[in-house]
Amino acid sequence: MEYSTLGERFILGLEVTVIGMLIVFAVLALLCGIISLLSKVLQRFEKPKKATESELSSLEIDETQEYKPVEKTGFTSGEVNVLDAEDEEVAAILAAVAFDSDIPLSELKIKSIKRLKE
């Protein structure tokens, strides 16, 4: 089939363009579906194990032990690089780290605190 007029050539070009765009979008939609499916499959394997009741019951709090407040030394030093966090959040993080690591707050060396994006 020969396209001799300018109008016929224009229509042929338009058809090729539309068909090409449809093929590209179909392949992109297929890739999106495959990636979404793989993501869901991988999430099932990576889900953290929830603690069972027996594991939770094994965690006991020793209520006989007295809470000892951390001595206030008034010692502060250096600077901490804090990104996207309020002062209360920083204080809570520092207190949690000090409590969990059994290191007094005055001896902790924190270089930076920044929020992780999920």
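This is a predicted model: local features need pLDDT of at least 70, side-chain atom pairs count only at pLDDT 80 or more; totals for chains, interfaces and linings use all residues.
Val 90 is buried, with a relative accessible area of 12%.

**Val 90 and its surroundings**

Val 90 lies in helix α3. Apart from neighbours within four places in sequence, Val 90 is in contact with Val 82, Ala 85 and Ile 113. Ile 113 stands 23 residues away from Val 90 along the chain, yet the C-alpha atoms of the two are separated by 7.6 Å. Val 90 counts as buried because its relative accessible area of 12% falls under the 20% cut-off.

**The chain as a whole**

The chain has three helices and two strands. Read along the sequence, these elements follow the pattern α-α-β-α-β. Of the 118 residues in the chain, 3% are buried, and Val 90 is one of the buried residues. The accessible surface of the chain comes to about 11,900 Å², and 61% of this area belongs to carbon and sulfur atoms. Contacts between residues at least 6 apart in sequence can also be sorted by separation: 55% of them join residues at least 24 apart.

**Helix α1 and the annotated region**

Helix α1 covers residues 6–46. An unreviewed UniProt entry places the feature "transmembrane region" at residues 12–38. Over residues 12–38 the model is 100% helix and 0% strand, with the end C-alpha atoms 39 Å apart.

A nonpolar surface patch of about 1,200 Å² includes Ile 19, Met 21, Phe 25, Leu 30 and Leu 38 among its residues. Leu 30 belongs to helix α1. Is Leu 30 buried or exposed? Leu 30 is exposed, since its relative accessible area is 54% and exposed means over 50%.

**Asp 102**

Asp 102 is in the loop between α3, residues 87–101, and β2, residues 112–114. The phi angle of Asp 102 is near 55 degrees, a positive value in a residue other than glycine. Asp 102 is exposed, with a relative accessible area of 67%.

| Residue | Relative accessible area | Class |
|---|---|---|
| Val 90 | 12% | buried |
| Leu 30 | 54% | exposed |
| Asp 102 | 67% | exposed |

Key
Residues are numbered from 1 along each chain as its sequence is written. Side-chain values use heavy atoms; hydrogens and water are left out. UniProt positions are given in the numbering used here, feature names are shortened, and annotations may be inferred rather than shown by experiment. Helices (H or I, at least four residues) and strands (E, at least two) are DSSP runs, numbered from the N terminus. Buried means under 20% relative accessible area, exposed over 50%, partly exposed in between (1.4 Å probe, protein chains only). Patches are made of residues with over 30% relative accessible area and no salt bridge: like charges are joined within 9 Å, nonpolar side chains (Val, Leu, Ile, Met, Phe, Trp, Tyr) within 5 Å. Accessible areas come from the Shrake-Rupley method with a 1.4 Å probe; for residues, only the protein chains shown count as cover. A salt bridge is a side-chain nitrogen of Lys or Arg within 4 Å of a carboxyl oxygen of Asp or Glu. Contact means heavy atoms within 4.5 Å.
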